[in-house]
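Have the sequence and the 3D view ready.

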Amino acid sequence: MLCSAAEPLPVTAPIRKICHVDLDAFYASVEQRDDPALRGRPLAVGGSRERGVVAAASYEARRFGVRSAMPSSQALRLCPELVFVKPRFEVYRAISRQIRGIYEAYTPLVEPLSLDEAYLDVTENLKGIPWASRIATEIRAAIRAETGLTASAGVSYNKFLAKLASDHRKPDGQFVITPEMGPGFVEGLEVARFHGVGPATAAKMHRLGIRTGRDLREQPLAVLQQHFGKAGAHFHAIARGEDDRPVRPDRPRRSSGSETTYPQDLTETAQVEAGLAALAAEVSDWCERHRWFGRTVTVKLRYADFRTVTRSRTRPAPVQGREALTAAALDLVRGLFPLRRPVRLLGVTVAAAEATEERAQPSFDFGPAPPAA
């Protein structure tokens, strides 16, 4: 149909080019890089004691089913030849800063998610490269040349799809999801693979008959909001390949916390209270040193059977000082007393209120997608 002179022309939605870069098995790869005797062997970074936890696993270990956050005892049952190495966070942080310098040679819009992954908005990049896929390729090559490590990258028009794309060709791979591909790519995926959909949410979706992106897209917004609250609108959008979140450089800190796994289970109320007081003091001291204070206090208890309970409350004003944070933490757990089972882990976290922001999104050309593997 032709538009008359009086009718406005259709407006094309502006498109961004977003990269998600993820170092492959970062902690474990650093250890294998620095100790040739560890190369090719199943490796776990973490504690090898009976009550230890795997912080990271090499790809050789992952083939046996070893995963991060898995109890060390379980990891050893799956892989008796597993080698444990203590984490060296000061080394990981130094390498992360080095890689951040590589990113910033292309764009100041870098949003770190952790030491080993980040989003980059390269829509308007410092080198004037028109193709996001070429930028991702150059960054991965620079990481390999300067650190001896490999990285996977995803390129797309929003953060959600860029993250999915980086997972699609791991390890040491790259994948592009163009605007034409986005909705169809999401439809065919299991919802459990969506970034931000954890095991509990995935199980709830399964109970509702939602197993794939296509199933999720068929759900009305009102139904998703009824079952998932504020997250319902987000799920409604990503099922259509939509995600307007900007890449936020130097994100303000959202939380500060500390947790401890105890050598022996805590069986008395007084032990739990003492443990929480010690953790609250540690977190409070950090907040005082950095002059950072939050309003939401969260306490975590993990029982001996690995059942985990969290309790959280947002205060009207920032929580400041050891006494105030300790009191807030203890107040949250009083409903769990007397203890019905032994406790193996405690944690205390303080978080700030979430903020949002918007930014203009100019159009661009993605460049050629790499061939499928």
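Predicted model: local features only at pLDDT ≥ 70, side-chain atom pairs only at ≥ 80, totals over all residues.

Q: Where does E117 sit?
A: You will find E117 in strand β6, which covers residues 117-121.

Q: Why is E117 called buried?
A: Buried means under 20% relative accessible area. E117 has a relative accessible area of 16%, so E117 counts as buried.

Q: How do you know which residues E117 is in contact with?
A: Contact means heavy atoms within 4.5 Å. Leaving aside neighbours within four places in sequence, that gives H20, V21, D22, P112 and K163 for E117.

Q: What makes β6 mostly covered?
A: Five of its five residues are buried. E117, Y119 and D121 point one way from the strand, while A118 and L120 point the other way.

Q: Why do side chains of a strand alternate in this way?
A: In a regular strand, side chains alternate between the two faces of the sheet.

Q: How do you know that β1 and β6 pair?
A: Two strands pair if at least two bridges are found between them. Five bridges join β1 (residues 18-23) to β6, so the two count as paired, and they run antiparallel.

Q: What joins β5 to β6?
A: Four bridges link β5 (residues 110-114) with β6, again in the antiparallel sense. S114 stands opposite E117, and the two strands form a hairpin with two residues between them.

Methods. Residues numbered from 1 in each chain as written. Heavy atoms only, no water. Buried < 20%, exposed > 50% of the residue type's maximum accessible area, 1.4 Å probe, protein only.
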